[in-house]
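Visitor: I'd like to learn how to read a structure like this one. Could you walk me through it?

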Amino acid sequence: MKKPIAPQTEVKRINHLHSLNILDTGSDLDFDRLTEFVANIFCVPIALISLVDTQRQWFKSKVGLEANETSRDISFCGHAILKDEVFIVENALLDDRFSDNPLVVDEPSIRFYAGAPLKTSKGYKIGTLCIIDTQPREFRKQDIEILEKVASDIVSLIEEKAK
């Protein structure tokens, strides 16, 4: 398993994330609707709005997962925030970064992951909108575009609520 590294702007990114006052807040119907939408449109058992903090990824909204957070060290989202584009793992069992990851080997038995970075207007990637499946799958260009558009809507919602 390969642990995700911290972005070069990690201190500023974390400060910005905390300034949005969204971590550890209650459920929110606006976010939950978007999470349910992507779970349904992509027919996946798990969809998350994940915010990557210093040591954890915390889920603002979730479908198909009981946990409220997981360690950043084992997170797929920690890798996804290092990219500007959607981060895709079509088969985690065949990917050296994840094949022995506890989230792959044990429950929830991740095989497929696609995460669109949540990039704020200040340019910081604070988390992801991600979808997860227990079966390997392909992700097409139009799928990427849909996930990116919904991620952009989520960022707008986060910034609007932070005002």
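Guide: Let's begin with a word you'll need throughout: a residue is buried when its relative accessible area is under 20%, exposed when it is over 50%, and partly exposed in between, using a 1.4 Å probe and protein chains only. Take Ile 132: at 7% relative accessibility, this residue counts as buried. Before going on, note that the model is predicted, so local features need pLDDT of at least 70, side-chain atom pairs count only at pLDDT 80 or more, and totals for chains, interfaces and linings use all residues. Residues are numbered from 1 along each chain as its sequence is written, and side-chain values use heavy atoms, with hydrogens and water left out.

Visitor: Where does Ile 132 lie, and which residues is Ile 132 in contact with, leaving aside its neighbours within four places in sequence?

Guide: Contact means heavy atoms within 4.5 Å. Ile 132 sits in strand β6. Leaving aside neighbours within four places in sequence, Ile 132 is in contact with Val 44, Pro 45, Ile 46, Leu 48, Ile 110, Phe 112 and Tyr 113.

Visitor: How many helices and strands does the chain have, and what pattern do they follow along the sequence?

Guide: There are five helices and six strands. Reading along the sequence, you get α-α-β-β-β-α-β-α-β-β-α.

Visitor: How do I read the radius of gyration against a compact globule?

Guide: The radius is taken over C-alpha atoms, and the globule rule is 2.2 Å times the number of residues to the power 0.38. For 163 residues, a compact globule would come out near 15 Å; the chain has 14 Å, which agrees. The C-alpha atoms fill a box of roughly 40 × 30 × 30 Å along the principal axes. Buried residues make up 51% of the 163. Also, of the contacts in the chain with a separation of 6 or more, 62% are between residues 24 or more positions apart.

Visitor: What about charges: how many positive and negative side chains does the chain have?

Guide: Lys and Arg count as positive, Asp and Glu as negative, while His and the chain ends are not counted. Each charge is placed at NZ of Lys, CZ of Arg, CG of Asp or CD of Glu. Here you have 21 positive and 26 negative side chains, and the centres of the two sets lie 5 Å apart.

Visitor: Now a helix. Which residues of α1 are buried?

Guide: In α1 (residues 10-19), the buried residues are Glu 10, Arg 13, Ile 14, His 16 and Leu 17. Looking down the axis of α1, these buried residues fall within an arc of 160°, so they line one face of the helix. That arc is the one made by the directions from the helix axis to the C-beta atoms. The buried residues of α1 pack against β1 (46-52) and β6 (125-133). On the face turned away from the buried side, α1 carries the exposed residues Val 11 and Lys 12.

Visitor: What is the phi of Asn 21, and is Asn 21 buried or exposed?

Guide: Phi of Asn 21 is near 50°, a positive value in a residue other than glycine. Asn 21 follows α1, in the loop between α1 and α2. With a relative accessible area of 61%, Asn 21 is exposed. Cys 43 also has phi near 50°, a positive value in a residue other than glycine. Cys 43 lies in the loop between α2 and β1 and is exposed, at 63% relative accessible area.

Visitor: And Leu 23: buried or exposed?

Guide: Leu 23 is found in the loop between α1 and α2 (29-41), and at 16% relative accessibility Leu 23 counts as buried. Leaving aside neighbours within four places in sequence, the contacts of Leu 23 include Leu 17, Leu 51 and Trp 58. Leu 23 and Leu 51 are 28 residues apart in sequence and 7.6 Å apart in space, C-alpha to C-alpha.

Visitor: Which residues does a cis peptide bond join?

Guide: Glu 107 and Pro 108, with omega about 15°. Pro 108 is found in the loop between α4 and β5. Ser 109 lies in that loop too, between α4 (102-105) and β5 (112-119), and counts as buried at 19% relative accessibility.

Definitions and conventions. Helix = DSSP H or I, 4+ residues; strand = E, 2+ residues; numbered from the N terminus.
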